[in-house]
Amino acid sequence: MKLHKNIIVKTKSLDFMNTAAMIPQRLAEIGSSSAEPTTAPDSYNVNLVANALHPKKLNLRIRKIEEHSADVKSYYLTWENSVPTPYFRAGQYLTVQLKVGSSVLTRPYSLASSPASALHGEYHIMVKRVPDGFASGYILDNWQVGDKITAFAPEGNFVYEPLRDAKNVVGLAGGSGITPFLSFARAIADGTEDFNLTLLYGARNKDEIVFKDELDEIARTCDKVKVIYVLSEAKGTTAGYEKGFIGADLIQKYAPENEKYSVFVCGPGAMYRFLGGELPKLGIADKYIRMEMSAGARKLADEPGYPTELLGKTFRLTVINRDEKIEAECKADDSILCSLEKAGIAVPARCRSGECGFCRSKLIGGEVFIPQGVDKRRIADARFGYIHPCCTYPLGDITIKIN
Ligand code: FES
């Protein structure tokens, strides 16, 4: 067969005949083989490497605790198995598993360390007390140096992607939302990441700013990192600080002139709500706007389309878990995942923002509300009634089936 003057494909009918002759021989071999695997899959080299690089669970130990205030602490965690700890990318999070009373729950915390720290066997996370929070208060009041912590390997999409993001990044951090940017700044400074970061770090006052000395030192020694502090409730002298909220004017004041830039945002719910009206003024393409938003940062009452008359109500939650049927309560303003955890029903979960799909469950009956922007289900899942309970809220009595 001649496809092109320089390409000749040679076919041999004998090859086909030989293949046909192999079939009975193969069937005979399969028929006489033992049904037992000859080698346990865990001992395959490729699986050993995969498990070492991406272990399902990590047994970590708290090496050091740094107290920034009564409500904000840094935890430095080391891996018991060996050095290094599984690698991660700057901006990713670590999900820790907690047992609080009869509840088993998970919480994702952004890693503040540079990925290079994993090579030295360490992760750094920061925890801030959330008013009425179920997990943050437990961690801050109970975790001690030397305690063992169970966590899952780092993951998350709030990472710099050279193919998608602009070379210049304007980071907008609010409060404890500084952690992924601390990771970016550290990673740029040690050469793990290569982009220009202009960080607008918002806090209510100077006392709430964490790691200022280190950020200032990075900005002084690394020409790719610039840090601007923005105080919303400034008291006393504020020379060297911007005042007010981070909005379009401030972003334009510090963003690179006449160059493309990506905007990365991580902070409390109020910050996202404010920026919702500000970012469109910048006129930059959607792909350059990246938000790291946990479901907890949302205020249900502000979500377009939510029937606010339901707030404060409590509904019946029926959970089918294999052959078991469990009855529990769910509050209208709690995500279904929160209600499951409060009822002591363990559901796998990682991101708690609708992204990872770990909590995927089937809605058997009842109506639910999913806020805009967090519905990351596959089209088929949405069509066939699957939900992500971490970002789904009951609109009445509901029945779900969990895996
Ligand atoms: S925990 Fe990730 S989608 Fe629900």
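Reader: Hello! Which residues of α5 are buried?

Author: Welcome! In this predicted model, the buried residues of helix α5 are Thr179, Pro180, Phe181, Leu182, Ser183, Phe184, Ala185, Arg186, Ala187 and Ile188.

Reader: Why is α5 said to be largely enclosed by the rest of the structure?

Author: The reason lies in the count: 10 of the 11 residues of α5 are buried, so the helix is largely enclosed by the rest of the structure. Just after α5, the chain reaches Gly191, where phi is positive at about 90°.

Reader: How do α5 and α6 cross?

Author: Helix α5 spans residues 179-189 and helix α6 spans residues 212-221; their axes come within 10 Å and cross at roughly 40°. The crossing of α5 past α6 is left-handed. On the α5 side, Leu182, Ala185, Arg186 and Ala189 make the contact, and on the α6 side Glu214, Leu215 and Ile218 do.

Reader: What classes of residues make up the contact of α5 with α6?

Author: There are 5 nonpolar and 2 charged residues in it, and no polar ones. Arg and Glu count as charged, while Ala, Leu and Ile count as nonpolar.

Reader: Let us turn to the rings. Why is the pair of Phe158 and Phe181 edge-to-face?

Author: Two values settle it. The ring centres of Phe158 and Phe181 are 6.0 Å apart and their planes stand at 85°. Centres within 6.5 Å make a pair, and planes over 60 degrees apart make it edge-to-face, so Phe158 and Phe181 qualify on both counts. It is one of 14 aromatic pairs in the structure.

Reader: What parts does the pair of Phe158 and Phe181 tie together?

Author: Phe158 is in the loop between β8 (148-155) and β9 (168-174), whereas Phe181 belongs to helix α5, so the pair ties together parts 23 residues apart in sequence. Phe158 and Phe181 are both buried. They also belong to one aromatic cluster, formed with Tyr160, Phe184, Phe195 and Phe264.

Reader: What makes the pair of Tyr201 and Tyr229 tilted?

Author: Here the angle between the planes is 50°, with 6.0 Å from centre to centre. Stacked needs under 30 degrees and edge-to-face needs over 60, with the rest counted as tilted, so 50° makes this pair tilted. The pair links distant parts of the chain, 28 residues apart: Tyr201 is in strand β10 (residues 196-203) and Tyr229 in strand β11 (residues 225-231).

Reader: How do you know that Tyr201 counts as buried, and Tyr229 too?

Author: Buried means under 20% relative accessible area. Tyr201 has 0% and Tyr229 has 4%, so both are buried.

Reader: How do you know that the charged end of Arg350 sits over the ring of Phe358?

Author: The distance from the charged end of Arg350 to the ring centre of Phe358 is 3.9 Å, and the limit is within 6 Å. An angle test, within 35 degrees of the ring normal, applies as well. Lys362 lies over the face of Tyr386 at 5.0 Å from the ring centre.

Reader: What makes Pro84 partly exposed?

Author: Its relative accessible area is 37%. Pro84 has its place in the loop between β4 (72-79) and β5 (93-100). Setting aside residues up to four places away in sequence, Pro84 touches Trp79, Ala118, Leu119 and Gly121.

Reader: Why does Val104 count as partly exposed?

Author: The reasoning carries over: Val104 has 27% relative accessibility, so it counts as partly exposed. Val104 is in strand β6 (residues 103-110). From C-alpha to C-alpha, Val104 and Gly344 are 6.4 Å apart in space, though 240 residues apart in sequence.

Reader: Phe211 has a positive phi although it is not a glycine. Why does Phe211 count as buried?

Author: Phe211 has a relative accessibility of 12%, and the cut-off for buried is under 20%, so Phe211 counts as buried. Phi of Phe211 is about 55°, and the residue lies in the loop between β10 and α6.

Reader: And what makes Arg322 exposed?

Author: Exposed means over 50%, and Arg322 has 69% relative accessibility, so Arg322 counts as exposed. Arg322 is in the loop between β15 (314-321) and β16 (324-331), with phi near 55°.

Terms used
Residues numbered from 1 in each chain as written. Predicted model: local features only at pLDDT ≥ 70, side-chain atom pairs only at ≥ 80, totals over all residues. Heavy atoms only, no water. Axes fitted to C-alpha atoms, helices over the stretch in contact; angles between N-to-C directions. Helix = DSSP H or I, 4+ residues; strand = E, 2+ residues; numbered from the N terminus. Left-handed = near helix turned anticlockwise from the far one by under 90°. Contact = heavy atoms within 4.5 Å. Buried < 20%, exposed > 50% of the residue type's maximum accessible area, 1.4 Å probe, protein only.
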